[in-house]
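Visitor: I would like to see how the terms in a structural description follow from their cut-offs. Please take me through one case.

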Amino acid sequence: MSTISSEFFNCAIESSKQLCVLIDPDKFDNDRAAFFLKALPVETAYILVGGSTVAPCKTEATVKTLKTFTKTPIVLFPGEYTQITEAADGILFLSLLSGRNPEYLIGQQIKSVSRLRNSKLEIIPTGYILIDGGKESAVQRVSNTLPLSQNNVQLIVDTALAGQFSGKKLIYLEAGSGAGYPVSEEIISAVKAAIDLPLMVGGGICDTTQLQKAYKAGADLVVIGTAFEKGNFAAQASRLSLESSESSR
Ligand code: 1GP
């Protein structure tokens, strides 16, 4: 049976590149879900749902609303274990490897076990690496950890490899939602060259040029949230479709 995790691996093996749209339930108007989904590019492979701080029950309400309008798989991207809901298809089981706060390395994971033990959610062990995106991110604030400097490429590569050696199935390079600038192409390509895992990249990617640069540098999956929230990306959707069909020729 095809799983989200195996699809991520296939995406990496085939270099097929997949777009993930991030929805933060705190900022999302469920009444506009149908309109929002209609505006997404056809290439949208996954919808991630979650945020650093989300009011209780909001994640489940948002996932259930989205499910009534789309068959695109919904993957939880939880800032904390209270956001876990059975209504989704899978969960990025995040360990914040860039930080040294045990609560986000293993504490939240232990707290989530009672919700996941008998769950049908597909659990995707994810090495989550916060990288400086030019301004303080919500992840940094909530986790009380510092991002890795974009200048220290070797440390970022070593952190990603430590994730692989620990059994993660995905590495996520995160510049933070609304970052001033995204993870550099140099970092993406250095990490991609070092690991044998699918690579997800997000934070501060605002237009199709930055998206294509991330793909070209080696990102297998790119996550975009803010630009869709603002409606900026919807306007570029047709261009995106055109570019990806041209690059696959
Ligand atoms: C945040 O990487 C994601 O966790 C998406 O970031 O909102 O800047 O697109 P943006």
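Visitor: Why is Phe 77 called buried?

Guide: Its relative accessibility is 8%. Buried means under 20% relative accessible area, exposed over 50% and partly exposed in between, with a 1.4 Å probe and protein chains only, so Phe 77 counts as buried.

Visitor: What are these values computed on?

Guide: On a predicted model, where local features need pLDDT of at least 70, side-chain atom pairs count only at pLDDT 80 or more, and totals for chains, interfaces and linings use all residues. Residues are numbered from 1 along each chain as its sequence is written, and side-chain values use heavy atoms, with hydrogens and water left out.

Visitor: How many aromatic pairs does the structure hold?

Guide: There are five. Rings of Phe, Tyr and Trp (its six-membered ring) pair if their centres lie within 6.5 Å; planes under 30 degrees apart count as stacked, over 60 as edge-to-face and the rest as tilted.

Visitor: What makes the pair of Phe 77 and Tyr 128 edge-to-face?

Guide: The ring centres are 5.7 Å apart and the planes stand at 85°, so the pair is edge-to-face. Phe 77 sits in the loop between strand E3 (74-76) and strand E4 (90-96), and Tyr 128 in strand E5, 51 residues apart. Helices (H or I, at least four residues) and strands (E, at least two) are DSSP runs, numbered from the N terminus. Tyr 128 has 6% relative accessibility and therefore counts as buried.

Visitor: Which kind of pair do Phe 77 and Tyr 172 form?

Guide: A stacked one, with 5.4 Å centre to centre and 25° between the planes. Tyr 172 lies in strand E6 and Phe 77 in the loop between E3 and E4, so this pair ties together parts 95 residues apart in sequence. Tyr 172, at 1% relative accessibility, counts as buried.

Visitor: Why is strand E6 described as largely enclosed?

Guide: Five of the five residues of E6 (residues 170-174) are buried, so the rest of the structure largely encloses this strand. Leu 170, Tyr 172 and Glu 174 point one way, Ile 171 and Leu 173 the other.

Visitor: How do you know that E6 pairs with strand E5 and strand E7?

Guide: Two strands pair if DSSP finds at least two bridges between them. E5 (residues 122-130) and E6 share five bridges, in the parallel sense, and Tyr 128 has Tyr 172 as its bridge partner. Four bridges join E6 to E7 (residues 199-202), also parallel, with Glu 174 opposite Gly 202.

Visitor: What closes into a barrel?

Guide: Eight strands do, in the order E1-E2-E3-E4-E5-E6-E7-E8, with parallel pairing.

Visitor: What makes a set of residues a nonpolar core?

Guide: Its members are buried Ala, Val, Leu, Ile, Met, Phe, Trp, Tyr and Cys residues joined through side-chain atoms within 4.5 Å. The largest has 51 residues, of which Leu 66, Leu 173, Val 191 and Ile 224 touch the most other members. Helix H6 (residues 153-165) gives the most to this core, with five residues. Apart from it lies another core of 23 residues, among them Leu 22, Leu 94, Tyr 128 and Leu 221.
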